[in-house]
Amino acid sequence: YFDRRVYTLKCNWKVYVDNYLDGGYHVPHAHKGLSSVIEYTKYSIENLERACLQSSPLSFGKKSAGEVSATRQGRAFYLWIYPNFMINAYEGVMDTNLVWPVAVDKCVVVFDYYFADVSRKAAAHHRASIKVSEKVQDEDMAICDAVQRGLASRAYVAGRLSARREAGEHLFHRLLHADLTRALGRPAAAD
C-alpha cells in the first residue's frame, strides 16, 4: 500500500460503473495518454459469473505519452467485481477503486494505490504513476458528469449496447436487474 485518493463525482454510481465497463470504447477519445500505450485492437473482455475482466497488451512507440509509458508496463488488467469494486493492474502497479453511492446523482470513488517495489527509491515512480491515474480519473469524472446531465435531458433515449465492446456493461445491468427484481419480491426475467 502506498496512498489513497478520494473523488466526489456528480453522477450516479451506476454511471461510473458503466463507464468502467464500456470495453475501452471511450479510451481512444477521452484518454489520449492511456490510449497511446493500449493496443486497442487486442483489447479483450471476459465475463465471469459476477465479474468482468478487461485486458490489453501495452506497447510503446514514438506516439506513446512518456509519463504513461514510464508507469504502465506489460499488460493492463481491469477487473470489475459486482457491484462496485474495481482492480486496475499493470506490471508492479495496482490500484483499487471502490464506488459508493451518495445520492441519485452523486457518488464517491476511493482509489487505493499499491506497488510491488516498496523501497524508498521507488517513491518518485509511485507518485508519477498516481499522477497518470489522477489524469485518467479527471477525464472520467468529466465524462461521467456529462453523462449524468445527459440522462436528465428530455431528449435522452436509451440505446443498445455493443455486443462486442460492452459485454461487461450488459453483465452489470443483468445482475443489477436481477437483484432489484428479487428485492421487490418478483421473479427475475430469464437472460
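Colleague: Where is Tyr 156 found?
Modeller: This is a predicted model; local features need pLDDT of at least 70, side-chain atom pairs count only at pLDDT 80 or more, and totals for chains, interfaces and linings use all residues. Numbering runs from 1 along each chain as its sequence is written, and side-chain values use heavy atoms, without hydrogens and water. Helices (H or I, at least four residues) and strands (E, at least two) are DSSP runs, numbered from the N terminus. Tyr 156 lies in the loop between H5 and helix H6 (167–183).

Colleague: Is Tyr 156 buried, partly exposed or exposed?
Modeller: Buried is under 20% relative accessible area, exposed over 50%, partly exposed in between (1.4 Å probe, protein chains only). Tyr 156 has 44% relative accessibility, so it is partly exposed.

Colleague: Which residues does Tyr 156 contact, leaving aside neighbours within four places in sequence?
Modeller: Contact is heavy atoms within 4.5 Å. On that basis, Tyr 156 is in contact with Gly 150 and Leu 151.

Colleague: How many residues has the largest nonpolar core?
Modeller: Such a core joins buried Ala, Val, Leu, Ile, Met, Phe, Trp, Tyr and Cys through side-chain atoms within 4.5 Å. Leu 9, Tyr 16, Trp 80, Cys 107 and Phe 172 have the most contacts inside it, and its size is 32 residues.

Colleague: At what angle do the axes of H1 and H5 cross?
Modeller: Val 15, Tyr 16 and Asn 19 in H1 meet H5 residues including Gln 137 and Leu 151. The axes of H1 (residues 13–20) and H5 (residues 123–151) come within 10 Å and cross at roughly 125°.

Methods
Axes are lines fitted to C-alpha atoms, for helices over the stretch in contact, and angles run from 0 to 180 degrees between N-to-C directions.
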